[in-house]
Amino acid sequence: MISAIAIDDETPSLKIIEHFCAKTGYINPVKSFLKPNEALAWLENNPVDLMFLDIRMPSVSGIDFFKSLPIKPPVIFTTGYSEYAVEGFNLDAVDYLLKPFTYDRFLKATDKVKEYYDYVKAEKPAGQHLIIRADYSLYKVQFADIQYMESAGDYLKFHLNNGKTITARMTMKALMDKLPADKFARVHRSFVVPLSAITSIRDKNVHLGDLAIPIGLNYEEELMKQYGGKS
């Protein structure tokens, strides 16, 4: 079960979320709050898997409340005001529900969370793909479809062989924890490449066909071990 809390200054909205959560069969609505400060105090000792958060509240905006959290669970923003959608997107929210929302629309949002937790809580990561959360969606990316991955500040760019790029809020460390060491190598503080895509290593660069990616001094030795083991 996915544990969830809801924060909203309107009791009817909380009741709807509680009802919809229970209806899914996989979300446990453990607590609801009318006052964000009470939710903040509760969260200090009670981590949750998911948060439903109203954006426009009298005491504090849901945006500011979420930014203030030291540990940020996946969040689904709820509001009657569509102009806040961009801010929700910038915080890498799972989804954004515009009131009044139907159960079908609610289920579309929570299914993304379920798929995410089904993946991260499994004993082993899926053997041939990654699940990436970005742009209000979960993407299933096959290892074979990845050209290379690039760090960009607080984000990672997944460059795919079909020319598409997926940008997700993720650290390089979190990425490396998900990737099998026999398939991917970190060649630079900002780049990870599939070992199978390397066509040559020369002039302090990894070559993926016509594409050249620099090799960082701190990564050269480990790269040669990994690449040598593939030959």
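A residue counts as exposed when its relative accessible area is over 50%, and as buried when that area is under 20%. The model described here is predicted. Asp-203 has a relative accessible area of 64%, so Asp-203 is exposed. Asp-203 is placed in the loop between β13 (200-202) and β14 (205-208). Its phi is positive, about 55 degrees, although Asp-203 is not a glycine. Lys-204 is found in the loop between β13 and β14 as well. Lys-204 also counts as exposed, at 53% relative accessibility. Its phi is near 60 degrees, again a positive value in a residue other than glycine. Most residues other than glycine have a negative phi, and most peptide bonds are trans. A cis bond is found from Lys-99 to Pro-100, with omega near -10 degrees. Pro-100 lies in the loop between β5 (95-98) and α5.

Helix α1 spans residues 11-24 and has 14 residues. From its first C-alpha to its last, α1 reaches 20 Å, close to the 20 Å expected at 1.5 Å a residue. Its buried residues are Ser-13, Leu-14, Ile-17, Phe-20, Cys-21 and Thr-24. These residues cover an arc of only 130 degrees around the axis, so they lie on the same side of α1. An α-helix has 3.6 residues a turn, so residues three or four places apart point the same way. The face of α1 turned away from the buried side carries the exposed residues Pro-12, Lys-15 and Ala-22. Gly-25 follows α1, and its phi is positive, near 85 degrees.

In soluble globular proteins, nonpolar side chains tend to be buried together. The largest nonpolar core of this model has 20 residues. Leu-50, Phe-52, Ile-76 and Phe-106 have the most contacts inside this core. Two or more residues come from each of β1 (2-7), α1, β3 and α5. Helix α5 gives the most, with five residues. Phe-106 is buried, at 0% relative accessibility. Neighbours within four places in sequence aside, Phe-106 is in contact with Ile-17, Phe-20, Cys-21, Thr-24, Phe-52, Leu-97 and Phe-101. Thr-110 lies in helix α5 (residues 103-120). Thr-110 is buried too, with a relative accessible area of 0%. Residues up to four places away in sequence are again not counted; Thr-110 then touches Thr-24, Tyr-26, Ile-27, Phe-52 and Ile-76.

A pair of aromatic rings is described by the distance of the centres and the angle of the planes. The model has 10 aromatic pairs. In one of them, Phe-33 and Trp-42, the ring centres are 5.8 Å apart and the planes stand at 55 degrees, so the pair is tilted. Phe-33 is buried, with a relative accessible area of 5%, whereas Trp-42 is partly exposed at 21%. Phe-52 and Phe-106 form a stacked pair, with 5.3 Å centre to centre and 15 degrees between the planes. Phe-52 belongs to strand β3 (residues 50-54) and Phe-106 to helix α5, so this pair ties together parts that are 54 residues apart in sequence. Phe-52 is buried, with a relative accessible area of 1%. One aromatic cluster is formed by Phe-20, Phe-52, Phe-101, Tyr-103 and Phe-106. Lys-23 lies over the face of Tyr-103, at 4.3 Å from the ring centre. The charged end of Lys-114 sits over the ring of Tyr-26, 5.7 Å from its centre.

Notes
Residues are numbered from 1 along each chain as its sequence is written. This is a predicted model: local features need pLDDT of at least 70, side-chain atom pairs count only at pLDDT 80 or more; totals for chains, interfaces and linings use all residues. Side-chain values use heavy atoms; hydrogens and water are left out. Helices (H or I, at least four residues) and strands (E, at least two) are DSSP runs, numbered from the N terminus. Buried means under 20% relative accessible area, exposed over 50%, partly exposed in between (1.4 Å probe, protein chains only). Contact means heavy atoms within 4.5 Å. The expected span of a helix is 1.5 Å times one less than its number of residues. The arc is that of the directions from the helix axis to the C-beta atoms. Rings of Phe, Tyr and Trp (its six-membered ring) pair if their centres lie within 6.5 Å; planes under 30 degrees apart count as stacked, over 60 as edge-to-face and the rest as tilted. A charge sits over a ring if NZ of Lys or CZ of Arg is within 6 Å of the ring centre and within 35 degrees of the ring normal. A nonpolar core is a set of buried Ala, Val, Leu, Ile, Met, Phe, Trp, Tyr and Cys residues joined through side-chain atoms within 4.5 Å.
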